[in-house]
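Please read the following account alongside the sequence and the model. It begins with confidence and then turns to strands and surface.

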Amino acid sequence: MHFADEDRDGHGSPDFQQSDTKLLVACRNEETGYPIGWSQTHDDCNDTDATINPSEIDDTCNGVDNDCNLLIDDLAFFDEDLDTFPNE
């Protein structure tokens, strides 16, 4: 089974899939061996942005779940006293 990978980051969307036997292939990704624009995984939480996928590190404090783990800004912390260290 192959899953459409619109942003071509190697992670497909579960919204569109095609069986291997029905997929006409002209070109393949040299790294993965899968047809260009398709992926064997369906774990991309935003298939329109190549910077958002499970392979990314979510440390940008941009209010976005960059690594698709359902947590926004994983490395962010609260600093109420503004001392640049997490609240104690």
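The protein has an average pLDDT of 81, and 82% of the residues score at least 70; pLDDT is the predictor's confidence in each residue, from 0 to 100. Among the elements, the lowest mean pLDDT, 77, belongs to β2, and the highest, 84, to β3. This is a predicted model, in which local features need pLDDT of at least 70 and side-chain atom pairs count only at pLDDT 80 or more, while totals for chains, interfaces and linings use all residues. Residues are numbered from 1 along each chain as its sequence is written, and side-chain values use heavy atoms, with hydrogens and water left out.

The protein contains zero helices and three strands, where helices (H or I, at least four residues) and strands (E, at least two) are DSSP runs numbered from the N terminus. The strands form an open sheet in the order β2-β1-β3, with antiparallel pairing; two strands pair if DSSP finds at least two bridges between them. Because β2 (17-18) and β3 (38-39) stand at the edges with a single partner strand each, one side of each lacks a neighbour in the sheet. Strand β1 (residues 2-4) pairs with β2 in the antiparallel sense over two bridges. Within β2, Q17 is the bridge partner of F3.

Of the 88 residues, 27% count as buried, that is, under 20% relative accessible area (1.4 Å probe, protein chains only). The protein exposes about 6,400 Å², of which carbon and sulfur atoms supply 53%; accessible areas come from the Shrake-Rupley method with a 1.4 Å probe.

Notes. Buried < 20%, exposed > 50% of the residue type's maximum accessible area, 1.4 Å probe, protein only.
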